[in-house]
Amino acid sequence: SRRLSASTLALLAAISRIMLLATAATALSVRMSAAPAPASASASSTSGAADAPLLLRAARGEVTESTPVWMMRQAGRHMQVYRDLVKDYPTFRERSEIPDVSYAVSMQPRDAYGTDGVILFSDILTPLPAMGVDFAISEGGGITIDPIRTREAFAKMTAVPFEPETKISFVGDVLKRLRATLAGTDATVLGFVGLPFTLGTYLIEGATGTKTGFAAMRQLRESDPQLVADMLKLLGDRIAQYAIYQIDSGAQVVQVFDSWAGHLTPDEFDEWAAPFQRQVVGAIKAARPDTPVIIYMAPDTHSKEGALITKLAASGANVVSVDHTLPISAARELLDEAGYESVGLQGNLDPAILAEGSEEEIVAAAQDILKKMAGRPHIMNLGHGIEPTTPEPSANLFVKTVQEWRN
């Protein structure tokens, strides 16, 4: 009676395996539900292509059935609901650092237009206080920072450990809430960071350097190039860490901005911008390889008409966001010829058309871009941030025109 038949033994073994699998699955489920931010990142990176939202699939390199659309600076002054909120929260830092307010502003374009991308309402300077550097932003957009131009001044950055999860936890709080709200919808949550060269100009200039042609940055590069290199390297390490924190908090795509790198000549770009772009993008990819990265640089003296676009593609980003100074078809051709066929494109409606154009002009310009990008991975956007004077009906028309187009 103690001996069991072979069939009974096989049955018991099968039952045992099933029970073990069920126990393991339950444990995994508990760990994932109990885990903090990385659980959301895992969900975004492992979801199948059919389950992923449209913009995320396009950023990964898919040719999607329709083109996803969002607008740089889409949350902000062009919307009346934002201007009304300013009355209660008069400073930009209040609006971007109080989680409930930042969340509400982030959602405003989604609620009004149904954008496919919902980007964190914040600023590229937001992580600086966590690095020991305070800043102020006026309502007119003016930046004020105590300049860092000596090794002694730089020491206040190196002496402070960078801990975004504790020192700027409001960023993670907003991203987690956005991700929870948009779960199961067709929207993608975007985070963003500034790249080292652009952030470095603010630290060295103590302001936006466009008024002086980045004179202080240029002078320090000549007088103490090692200090500048050390500063950019430290920024690279910390900005990569900050981007990963955003991903682990819920960002499904990250856009990296090197807004002011276009004032560099090609040789200067290769020395002072490109290595640190690769540093940040490479670190993100090493830590979170399934999270797409979009890179953008504003049109400037040396970057207009795609002059540096292949250098942006060399950063390792999945997508290059194209400014409005060249046709997107020309951008596609430049990248293809340089061997970057797999790099997707984002853009690139002229913001002036959206702000000042007629309905017919907006529709025609948007459809022209869509036709030129047919059959290639593409995210529709503007070639620069939306103008504050843009009428809300025009922004809505742009979004709806893109969403009604079928590839």
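Which side chain meets that of Lys-311 in a salt bridge? In this predicted model, the partner is Asp-270, with N and O 2.9 Å apart. Lys-311 belongs to helix H15 (residues 309-313) and Asp-270 to helix H13 (residues 266-272), so the pair ties together parts that are 41 residues apart in sequence. Lys-311 is partly exposed, at 23% relative accessibility. Asp-270 is also partly exposed, with a relative accessible area of 37%.

The overall composition of the chain was examined next. The chain has 407 residues, and 51% of them are buried. Its secondary structure consists of 19 helices and nine strands. Among contacts with a separation of 6 or more, 77% are between residues 24 or more positions apart.

Strand S5 covers residues 253-257 and is mostly covered. Five of its five residues are buried. In a regular strand, side chains alternate between the two faces of the sheet. Both faces of S5 are covered. On one side lie Val-253, Gln-255 and Phe-257, all buried. On the other lie Val-254 and Val-256, which are buried too.

S5 pairs with strands S4 and S6. Strand S4 (residues 188-194) runs parallel to S5, and five bridges join the two. Strand S6 (residues 293-296) is likewise parallel to S5, with four bridges between them. Phe-257 takes part in both pairings. In S6, Phe-257 stands opposite Tyr-296.

Side chains of opposite charge can pair when their charged atoms come close. The structure holds 17 salt bridges. One of them links Asp-230 with Arg-151, the closest N and O atoms being 2.9 Å apart. Asp-230 lies in helix H12 (residues 225-249) and Arg-151 in helix H7 (residues 151-158), so this pair ties together parts that are 79 residues apart in sequence. Asp-230 is partly exposed, at 24% relative accessibility. Arg-151 is partly exposed as well, with a relative accessible area of 37%.

A further salt bridge joins the side chains of Lys-233 and Asp-237, with an N to O distance of 2.9 Å. Here both residues lie in helix H12. They are four residues apart, about one turn of the helix. Lys-233 has a relative accessible area of 40% and is partly exposed. Asp-237, at 38%, is partly exposed.

Helix H12 also packs against helix H9 (residues 169-182). Two packed helices are described by the angle between their axes and the distance between the axes. For H9 and H12, the angle is about 35° and the axes are 8 Å apart. The crossing of H9 past H12 is right-handed. From H9, the contact is made by Ser-169, Val-171, Gly-172, Leu-175 and Lys-176. From H12, Tyr-242, Tyr-245, Gln-246 and Ser-249 take part.

Backbone geometry was examined last. Most residues other than glycine have a negative phi, and most peptide bonds are trans. The peptide bond from Gly-347 to Asn-348 is cis, with omega near -5°. Asn-348 sits in the loop between strand S8 (344-346) and helix H17 (351-356).

Two residues other than glycine with positive phi are described here. Phe-214 has a phi of about 60°. Its place is in the loop between helix H10 (196-205) and helix H11 (215-223). With a relative accessibility of 2%, Phe-214 counts as buried, because the cut-off for buried is under 20%. Glu-305 has a phi near 55°. This residue is found in the loop between S6 and H15. Glu-305 is exposed, because its relative accessible area of 60% is over 50%.

Conventions:
Residues are numbered from 1 along each chain as its sequence is written. This is a predicted model: local features need pLDDT of at least 70, side-chain atom pairs count only at pLDDT 80 or more; totals for chains, interfaces and linings use all residues. Side-chain values use heavy atoms; hydrogens and water are left out. Buried means under 20% relative accessible area, exposed over 50%, partly exposed in between (1.4 Å probe, protein chains only). Two strands pair if DSSP finds at least two bridges between them. Contact means heavy atoms within 4.5 Å. A salt bridge is a side-chain nitrogen of Lys or Arg within 4 Å of a carboxyl oxygen of Asp or Glu. Axes are lines fitted to C-alpha atoms, for helices over the stretch in contact, and angles run from 0 to 180 degrees between N-to-C directions. A crossing is left-handed if the near helix is turned anticlockwise from the far one by less than a right angle, and right-handed if clockwise.
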